[in-house]
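Subject: Structure handover

Hi,

Here is the structure for you to look through. My notes follow below it.

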Amino acid sequence: MSFEYSRQELASIERFLAACTVPLIYKLDEGAQVHGTGTFFQLDGRPLLITAGHVLKDVNVERIGVPDRGAALSEISYLGHAQVHYTRDTDAFDIGVIELKDEDFLRQVRAGWQFLGQSNIAQRGTKSDQYVVAGYPKETVTYRDATLTPSSLIQVYTGPYEEDAESGRGEFDLLLRYGRDAENLAGERKPTPRLGGVSGAAVYSVLPRQEGVWAPETLMKIVGIQVASLHGQYIRVKTWDLVSRVVALTQGRPT
């Protein structure tokens, strides 16, 4: 798939994605692992961490943390006081929302990570021929000497998956192509990693190149949340229409 951006513009896109693609770390008795991916939002005055619902299912949320930005993920800030919501039917409605209540945690993560807002979200019904998903797949992360170290941010540039999916398409599903190998930005074909650990990542539509002042925020709009993938075939995305409904349901809930 050809994207009509210069190397400088693609580097700008990568910097933007790296600032708001948040690895979620799960603390284990014997260490830690990348458990999923999330994105920080400030929506209607509420600081939220949005991910896939199954990332929050059957886990001790107090053990979920966020690393300081950098190559080594050794410094982890844990959520602290937070209000957690996820849809129990994670097959059909796989969205998780964490309302952040801990001021110390918020102060730490705001210093390094970018919080997105309504202006970063696509209008309802927005469709595109080009999309990007980013994250740190588990198979690209090493754990040594009590330090988690990811490879460079993985970016998947792709388009709609037009074939039938074995499990079908739900009302809120968007399917994107994901082959076993793909051309990287240098034009080389490389094997693609499995996307375990990327569940919960924001998925962006990439709008056509426009004249005038250019910035990633103007051409990349979030259309949904990545929830699953079938390596060699497709990535499954829950659309933002579903995310917004889940977010609305969390408003006014008791702490």
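**Salt bridges**

R245 and D241 form a salt bridge, with the closest N and O atoms 3.2 Å apart. The term means a side-chain nitrogen of Lys or Arg within 4 Å of a carboxyl oxygen of Asp or Glu. Both R245 and D241 sit in helix α5, 4 residues apart, about one turn of the helix. R245 is partly exposed, at 40% relative accessible area. Buried means under 20% relative accessible area, exposed means over 50%, and partly exposed lies in between (1.4 Å probe, protein chains only).

Before you go on: this is a predicted model, where local features need pLDDT of at least 70, side-chain atom pairs count only at pLDDT 80 or more, and totals for chains, interfaces and linings use all residues. Residues are numbered from 1 along each chain as its sequence is written, and side-chain values use heavy atoms, with hydrogens and water left out.

The salt-bridge count comes to 6. R236 pairs with D173 in one of them, the closest N and O atoms being 2.6 Å apart. R236 lies in strand β17 (residues 234-239) and D173 in strand β12, so this pair ties together parts that are 63 residues apart in sequence. Helices (H or I, at least four residues) and strands (E, at least two) are DSSP runs, numbered from the N terminus. R236 is buried, with a relative accessible area of 10%. D173 is buried too, at 15%.

K101 forms a salt bridge with E99; their closest N and O atoms are 3.7 Å apart. K101 is partly exposed at 29%, whereas E99 is buried at 11%. R46, E99 and K101 are linked in a network of salt bridges.

**Nonpolar core**

Which residues touch the most other members of the largest nonpolar core? They are L17, F41, I50, Y204 and W240, out of 35 residues. Such a core is a set of buried Ala, Val, Leu, Ile, Met, Phe, Trp, Tyr and Cys residues joined through side-chain atoms within 4.5 Å. Several elements supply at least two residues each, among them β2 (31-43), β16 (220-230) and α5 (240-250). Helix α1 gives the most, with 6 residues.

**Surface charge**

D129, E162, E163 and D164 form a negative surface patch. Patch residues have over 30% relative accessible area and no salt bridge, with like charges joined within 9 Å. Asp and Glu count as negative. D164 is in the loop between β11 (154-158) and β12 (173-177). At 73% relative accessibility, D164 is exposed.

Best wishes

Definitions and conventions
Patch = residues over 30% accessible without salt bridge, like charges linked within 9 Å, V, L, I, M, F, W, Y side chains within 5 Å. Areas by Shrake-Rupley, 256 points an atom, 1.4 Å probe, with all protein chains shown as cover. Charge placed at Lys NZ, Arg CZ, Asp CG, Glu CD.
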